[in-house]
Amino acid sequence: METSVSVNSNWGITFLIQTGVGILGNSSLLCFYNFSIITAKILKPRDLILNQLVLANTLVLLSKGVPQTMAAFGLKSFLDEAGCKLVFYLHRVARGVSLSTTCLLSGFQAIKLCPSISRWLDLQIRSPRCMVFCCFLCWILHFIINIPTAKYVTGPVNNKNLSMDTLYRYCSSPYPERLIFSVLTVILSFMDGACLALMAWTSGSMVLVLHRHKQRVQHIRSSSPSPRTAHETRATHTILILVSMFVSFHALGSILSYRVTQLQSPGHWLRGISFLVSSGFPTLSPFVFIVSDTQVSQFFFACWTRKRNSPSVVCGL
């Protein structure tokens, strides 16, 4: 029994570190992009997309990471039925918005990098109004689609009989009717598959364009890429890394989650690794931007320098 409690505490500490680091990274980026949007004379569509992405990732970590960590430390019955419905609903919505926004970001960069795809689309994506509408549509769509999640999720079946084997099952979700379950599965699978396919296509297009650009530059010995071209290339590399991370974590997380649901009493390691993988993208993605985006890294370096020299000075003001 003591060994089991020790194992759970170790997983709890691991979950706490991952969730805390992820929330800290996303919150920092959220402050940066909100500050950029508020102070900018002209709204940048890319900042709007990234602001939505870090907001969705923050909600994913808050709605799953925090309850999972509390459950790992042995807290029981900390959510009633209303709390379970809210937490699972927010997690499903935020996860869907994160997927859609990553797809939107990949498509945005592909069209921006290859305006020959469609001149009309290139003009539309540069319009802040169009991008605000797309971001708003992502939230509305997932708010509607995931309504059945709130309907079928309930609290723990029997709080007194929760054992270590059922750890991390702080809420229950009985299977709905077969027809409803099949329809929901088809809709969600289609949306996920369509987003992943679109990300794969846009990523392939960007890789092809970058390869052709590299070959073209090699023939021009004396010239060096313009600052704008270098900036777009760096931004494209960042998005390609993000898409690769998302697809990898999503695929591995889906396999592990399916395995967990198929076993009657999956072990602590399988449950723990499944959670770590499913939360991997929202945890690591903000640090990709912090490291690769010079604008973001310079902002945080300036904040750190100001705070060090004048502790009373608020960064950005």
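Let's start on one side of helix α5, where R129, F133, F136 and I144 are exposed; exposed means over 50% relative accessible area, buried under 20%, and partly exposed in between, using a 1.4 Å probe and protein chains only. Before going on, note that this is a predicted model, in which local features need pLDDT of at least 70, side-chain atom pairs count only at pLDDT 80 or more, and totals for chains, interfaces and linings use all residues. Residues are numbered from 1 along each chain as its sequence is written, and side-chain values use heavy atoms, with hydrogens and water left out.

Back to α5, then. The helix covers residues 128-145, so 18 residues, and spans 26 Å from its first C-alpha to its last, close to the 26 Å expected at 1.5 Å a residue (the expected span is 1.5 Å times one less than the number of residues). Its buried residues are M131, C135, C138, W139, H142 and I145. Looking down the axis of α5, these buried residues fall within an arc of 150 degrees, so they line one face of the helix; the arc is taken over the directions from the helix axis to the C-beta atoms.

Now zoom out to the whole chain. The protein chain has 11 helices and zero strands, where helices (H or I, at least four residues) and strands (E, at least two) are DSSP runs numbered from the N terminus. Of its 317 residues, 40% count as buried. The chain exposes about 17,900 Å², and carbon and sulfur atoms supply 67% of that; the areas come from the Shrake-Rupley method with a 1.4 Å probe, and for residues only the protein chains shown count as cover. Among contacts with a separation of 6 or more, residues 24 or more positions apart account for 81%, a contact being heavy atoms within 4.5 Å.

What does the UniProt record say? Its unreviewed entry lists residues 12-36, 179-210, 238-257 and 269-291 under "transmembrane region"; positions are given in the numbering used here, feature names are shortened, and annotations may be inferred rather than shown by experiment. In the model, residues 12-36 are 100% helix and 0% strand, with the end C-alpha atoms 36 Å apart. Residues 269-291 come out at 96% helix and 0% strand, and there the end C-alpha atoms lie 31 Å apart.

Next stop, helix α8 (residues 227-262), which is where T236 sits. T236 counts as buried, at 0% relative accessibility. Leaving out residues up to four places away in sequence, T236 touches Q109, L113, M206 and L210.

With residues up to four places away in sequence set aside, T238 touches V288, F289 and S292. T238 and S292 are 54 residues apart in sequence and 6.5 Å apart in space, C-alpha to C-alpha.

Finally, the rings. W11, F15, W269 and F275 are linked into a cluster by ring pairs. Rings of Phe, Tyr and Trp (its six-membered ring) pair if their centres lie within 6.5 Å; planes under 30 degrees apart count as stacked, over 60 as edge-to-face and the rest as tilted. By this rule, the count comes to seven aromatic pairs.
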